[in-house]
Amino acid sequence: MIVTSPTCSGVPSRRGLVARWRGIRAAVAVALVCGALGGCAGEQFQKGYILPPGALEQIPIGASQDQVLIVMGTPSTVATLNGEVFYYISQRSERKVAFMNQQVIDQRVIAIYFDKNRQVQRLANYGLKDGRIFDFISRTTPTSGQELSYLTPLFKLLSFN
């Protein structure tokens, strides 16, 4: 003979339902807190040219312009003053908290200077270091007169000295 009690009829008791709802509510609360904190996590942004690893080492002094284009790709901009210069420009910034302004972490300008025969004359990797332009390859900061801008001859023409 089998004896069954009235509480084991397959329907959970009131105490069991309350415990189950507490567990579900706790899981939902944890998920909401994680979702809210995940939205506040920082983000990093890369704009412009992304330098492939080891790319600058593949460009020796005297390499052809075609070789530079194969290794580095299309430049961000080109200057044609005293020969030709390819500029590859990039910027990294981050936002520590969502909905805040971005702050610039690093800015780079990779300049590849060519002579009249379209051979690499010089490489420069400029960046910001303490608010000044800094060449990370030669570890020098250009001084005035070292690199003339295209406006200098124009100002010399306009001066009366």
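This note goes through a predicted model of one protein point by point.

1. Overall make-up. The protein contains three helices and six strands. Going along the sequence, these elements come in the order α-β-α-β-β-β-β-β-α.

2. Confidence. The mean pLDDT of the protein is 75, and 65% of the residues score at least 70. Confidence is highest in helix α2, at 93. It is lowest in strand β6 (residues 132-135), where the mean is 57.

3. Burial and surface. Of the 161 residues in the protein, 20% are buried. The exposed surface comes to about 12400 Å², and carbon and sulfur atoms supply 60% of that area. Among contacts with a separation of 6 or more, 43% are between residues 24 or more positions apart.

4. Strand β3 and its partners. Strand β3 covers residues 84-95. It pairs with β1 in the antiparallel sense, over six bridges. Strand β2 (residues 77-79) is also antiparallel to β3, and three bridges join the two. Strand β4 runs antiparallel to β3 as well, with eleven bridges between them.

5. Bridge partners to find in the structure. F45 has S93 of β3 as its bridge partner. Y87 stands opposite A111, which is in β4.

6. The hairpin. Strands β2 and β3 form a hairpin, and four residues lie between them.

7. Residue S93. Leaving out residues up to four places away in sequence, S93 touches E43, Q44, F45, K47, Q102, Q103, V104 and I105. With Q102 there is also a polar contact between the side chains, at 2.9 Å.

8. Salt bridge E43 to R95. The whole structure holds four salt bridges. In one of them, E43 pairs with R95, and the closest N and O atoms are 2.6 Å apart. E43 sits in strand β1 (residues 43-48) and R95 in strand β3, so the pair links parts of the chain that are distant, 52 residues apart. E43 itself is partly exposed, with a relative accessible area of 34%.

9. Salt bridge E84 to R118. Here the closest N and O atoms are 3.6 Å apart. E84 belongs to strand β3, while R118 is in the loop between β4 (103-114) and β5 (120-129), so this pair ties together parts that are 34 residues apart in sequence. The two residues fall into separate burial classes: E84 is buried, at a relative accessible area of 18%, whereas R118 is partly exposed, at 47%. The value for E84 is under the 20% limit, which is why E84 is called buried.

10. Salt bridge E94 to K96. The side chains of E94 and K96 meet in a salt bridge with an N to O distance of 2.8 Å. K96 is exposed, as its relative accessible area is 57%.

11. Residue Y49. Y49 lies in the loop between β1 and α2 (65-72). Although Y49 is in a loop, it is buried, with a relative accessible area of 14%. Which residues is Y49 in contact with, leaving aside its neighbours within four places in sequence? They are M72, S76, Y88, I89 and S90. The side chain of Y49 also reaches the backbone oxygen of M72, at 2.7 Å. As a further example of chain parts brought together, Y49 and P75 are 26 residues apart in sequence, and their C-alpha atoms are 8.2 Å apart in space.

Methods
Residues numbered from 1 in each chain as written. Predicted model: local features only at pLDDT ≥ 70, side-chain atom pairs only at ≥ 80, totals over all residues. Heavy atoms only, no water. Buried < 20%, exposed > 50% of the residue type's maximum accessible area, 1.4 Å probe, protein only. Contact = heavy atoms within 4.5 Å. Areas by Shrake-Rupley, 256 points an atom, 1.4 Å probe, with all protein chains shown as cover. Polar contact = N/O pair within 3.5 Å; in protein donor to acceptor, adjacent residues only side chain to side chain. pLDDT = per-residue confidence, 0-100. Pairing = 2+ DSSP bridges.
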